[in-house]
Amino acid sequence: MKNKRKRVERKDDLVKLKRNQSQIEAQQKENNAFAFNIGSYSKNVETQLVIYDKKVEQGG
């Protein structure tokens, strides 16, 4: 009886680990998307600054 209980506990632990792993993977995907958006945003800001600098250099 004791061995059976241990197996059930191990199976429960395995299920918890798999669930945690999928939550971690989902969080990583979300973080990657966020980082990509930040990168895109900063490139856009850089582009805007370069355009602004050129206008200022040209006196306008």
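Okay, let's start with charge: the protein has 14 positive and 8 negative charges, and their mean positions sit 17 Å apart. Here Lys and Arg count as positive and Asp and Glu as negative, with His and the chain ends left out; each charge is placed at NZ of Lys, CZ of Arg, CG of Asp or CD of Glu.

Quick caveats. This is a predicted model, where local features need pLDDT of at least 70 and side-chain atom pairs pLDDT 80 or more, while totals for chains, interfaces and linings use all residues. Numbering runs from 1 along each chain as its sequence is written, and side-chain values use heavy atoms, without hydrogens and water.

Now the fold. We get 1 helix and 0 strands, taken as DSSP runs (H or I, at least four residues; E, at least two), numbered from the N terminus. The C-alpha atoms fill a box of roughly 85 × 10 × 5 Å along the principal axes. And 0% of the 60 residues count as buried, meaning under 20% relative accessible area with a 1.4 Å probe, protein chains only; exposed is over 50%, partly exposed in between.

So where is the positive patch? On the surface, K2, K4, R5, K6, R7 and R10 gather into one. Patch residues have over 30% relative accessible area and no salt bridge, with like charges joined within 9 Å and nonpolar side chains (Val, Leu, Ile, Met, Phe, Trp, Tyr) within 5 Å. A salt bridge, by the way, puts a Lys or Arg side-chain nitrogen within 4 Å of an Asp or Glu carboxyl oxygen. K4 belongs to helix α1, residues 2-57, and is exposed at 58% relative accessible area.

Definitions and conventions. Accessible areas come from the Shrake-Rupley method with a 1.4 Å probe; for residues, only the protein chains shown count as cover.
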